[in-house]
Amino acid sequence: MKHSVSRKCGFPVNGLVILAAVSALLVACGGSSSPSETTTPDPISQHCGELSERPWCDASLSAAQRAELLVSAMSLEQKIDYLAGDDPQASASGDPYVGIVNGIDALGIPPLRMSDGPVGVRGSPATAMPIPLALAASFNPALAHETGAAIANEVRNKGNDLVHAPVADVVRNPLAGRSFETFGEDPLLATRMVVEWVKGSQAQGVMANIKHYLMNTQEGIVSVPPVAAVVGGRSVVNAVVDERSMRELYMPPYEAAVKEANVASVMCAYNYVNGAPACSSEYLLKSVLRDEWGFDGFLVTDYFFAQKDTVQTANASPMIEMPYGVFFSQPLLQAAVQSGAVPEQVLNDNLTQIFRRLFSVGFFDRPRYQRNDDNIDQAAHAVLAQDVAEQGAVLLRNEGVLPLNDDVRRIAVIGASAQTRPSGGGSSFVTPFRFKTPLEALTERAGDDVAVSYYDGSDIAAAVAGAAEADVALVFASNLATEGSDRFCLALDCTLADAPDSLLLNNLQGGAPTLLDQLTDPVFASSPIREVLDQLFAPLLLGAPLLPVSHDNQDALITAVAAANSDSVVVLQNSGAVLTPWREQVNALLQVWYPGQEGGSAIARLLFGDTDPGGRLPLSFPEEELDNPVAGDPRRYPGLANQAEHSEGVFIGYRWFDQQSREPAYPFGYGLSYSEYSLTDLRVIRDEGGVVVTARASNIGDRAGWVVPQLYVGLPSPAAGIEQPPWALKDFSKHWLAPGESASLRYQLSSRDLSYWDDSAKDWAMAAGDYQFALGWSSRDRVMQQQLSLGGL
């Protein structure tokens, strides 16, 4: 706790701050806590104090009244001091927190502790959940609520008050390094998951900090993850995007988090949006977030490079600069106030808003959260992690080998990832409480009567020989993905040579080998120099490799094993969409994403049919590398002169595939079950509130399983030149059905659900015309369809 104003150092930033500046900052601006600190916080309650001395501690007053009283008692130095973090070193370790704003004892202001959390608490051991993309694949918002609550519970029991999660970004580019942290390519699916995650978190008394607002659609290339990238890097790239695309694709999860979940905090993004830094954009922060949506919480900058200035950011919105005061340092912000560039009343208003939210959630009045891992129900959270892994697993192909039956007596398990826990690097790298490998779980589940042999795949000939002798060959494959760097290509084994020419990497020096070519060369990758570099940057890499490169030759391994054993099953533990050139050669393909600490047990249960794979794809799997909306056009990605033009408009993901009439390898929403289902009795009825769609789903197979009906709508074009996506997901549901069981389906669509963003009117509008309503199993498998003419609602 602060007994006086703490000293915060600052340094000038001009353009992209290089890695050396980060290192210097971590050394020169060390905070009060070591990144490895694991001591329990001061057990003294953080109750505000005596009313006679601190009238803002009167809980009978409104949060607004208390905030105004507190701010009026603060000196200018104290005001500035609470607008930035105090411990930059903690961002490297995440332990005991990833960031902190020290409290001020004299005023009864508690410290505000922040934690990473999209996949679990980073730092000390925690429950490593499946990645959010796996959660999205579950198509089960209730699981998102439970996950948000479980992670927040661990955040609280590690002594922290706010969690940097969930990620509300929508996947535009499947190469994006942080796709695994998102809820996929569809704004409706992402919205449903984000809202419930936030509600679950905040029900635990932990403030959710949704991120990254707005247009954080790429990490960049030529980088040192998770810090910075030179080409199209998140800290320097300017997303050039039209308002309709923002409104229809990228804003809905944030809007709903504000309006439906009353989210406490929003993290502004590193990038620029239409020329303005996301952390000081008047349009994003004032016009939309506050004035239009009514957001009454506060903002937190992304760490180190998101804030670009002092004056514009201070005048734009209540903002806390993390993890340390650079632009909001005492010298810079005091000078801005004294010059009149930032009126002190603006600081008063900003702090009043911050404290109003903190008072409203009881932050000042409750006892300080104590760090005590013993209070975490690890067993219950492990059960939830396994449930998410199972419900998020997507069965993409099955020609009869799955589920494994009693006839199987010899199983060959192949691939290095059968013995590891693939995980994304960066702020979502979690050290699990426990972990059982897929090989261990499969061996245990198979029992003593089944012989399980293992081959890591480094010797393809040995793996092929083992597969040929087995009844079933299970090939495990994975990829690498990390914050701070995008993938070079969608292949499992991706080197620079596999990257599309549009990335402009192979010809940066007229065809000569670039530095990146050399760093990704297999010879260099195994050299002592590479090992030294990895060790040097290890504190900043947060669990990520120096560069996202794989040299396992997994595609060749899968092809060879499939040729040796017709009953070959591929288990993908990966970050997102990948190319599957061998998919017709294997008998079955199970996508389990990065499945978290309970992934091994979940995989074993799924393969043996102890449960039904409940997942459906939250993003499209392309047939070819260039089959996505940004591929082949460097103006779109990674951008020219760091200007990334989002000229594809509203056509991303399956909307792009539909508009371009391209056949994906596996479409959005796709996924098989061990049972079979039917859809019947479709009815589309107009009512006062909009449109009601009803139907019935039935299990017509001989096993219990998950059915996931999806409602797609095709909107008419309102005018010439205004294209609409051929189909857009507008609702969905999920049901566990026993054989012969049915479920009644009812979907209520409002006029907003059936509207588009009218750029000329700057508002939502419904076009008059014929609306197509289709119910089915994926964006490409629409079983039933009806048309309804609407003239506006």
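**Disulfides and salt bridges**

Modeller: Let us begin with a disulfide, defined as a pair of cysteine sulfur atoms within 2.5 Å. Here Cys268 is joined to Cys279 by such a bond, with an S to S distance of 2.0 Å. The model is predicted: local features need pLDDT of at least 70, side-chain atom pairs count only at pLDDT 80 or more, and totals for chains, interfaces and linings use all residues. Residues are numbered from 1 along each chain as its sequence is written, and side-chain values use heavy atoms, with hydrogens and water left out.

Colleague: Which hand does the disulfide of Cys268 and Cys279 have, and where do the two residues of the pair lie?

Modeller: The torsion about the S-S bond of Cys268 and Cys279 is about 95°, so this disulfide is right-handed. The pair links distant parts of the chain, eleven residues apart: Cys268 is in strand 8 (residues 265-268), and Cys279 is in the loop between strand 10 (276-277) and helix 10 (282-292). Helices (H or I, at least four residues) and strands (E, at least two) are DSSP runs, numbered from the N terminus.

Colleague: Are Cys268 and Cys279 buried or exposed?

Modeller: Buried means under 20% relative accessible area, exposed over 50%, and partly exposed in between (1.4 Å probe, protein chains only). Cys268 has a relative accessible area of 0% and is therefore buried; Cys279, also at 0%, is buried.

Colleague: How many disulfides are there by this rule?

Modeller: The count is two. Cys48 and Cys57 form a disulfide with an S to S distance of 2.0 Å. Its torsion is about -65°, so the bond between Cys48 and Cys57 is left-handed.

Colleague: How is a salt bridge read, and how many does the structure hold?

Modeller: A salt bridge is a side-chain nitrogen of Lys or Arg within 4 Å of a carboxyl oxygen of Asp or Glu. The search of the whole structure finds 36. One of them pairs Arg371 with Asp95 at 2.7 Å, N to O. Arg371 lies in the loop between helix 13 (344-360) and helix 14 (378-392), and Asp95 in the loop between helix 4 (90-93) and strand 1 (99-101), so the pair ties together parts that are 276 residues apart in sequence. Both residues, Arg371 and Asp95, are buried.

Colleague: What separates Lys259 and Glu255 within helix 9?

Modeller: About one helical turn, because they are four residues apart in helix 9 (residues 252-259). Lys259 is partly exposed at 49% relative accessibility, whereas Glu255 is buried at 7%.
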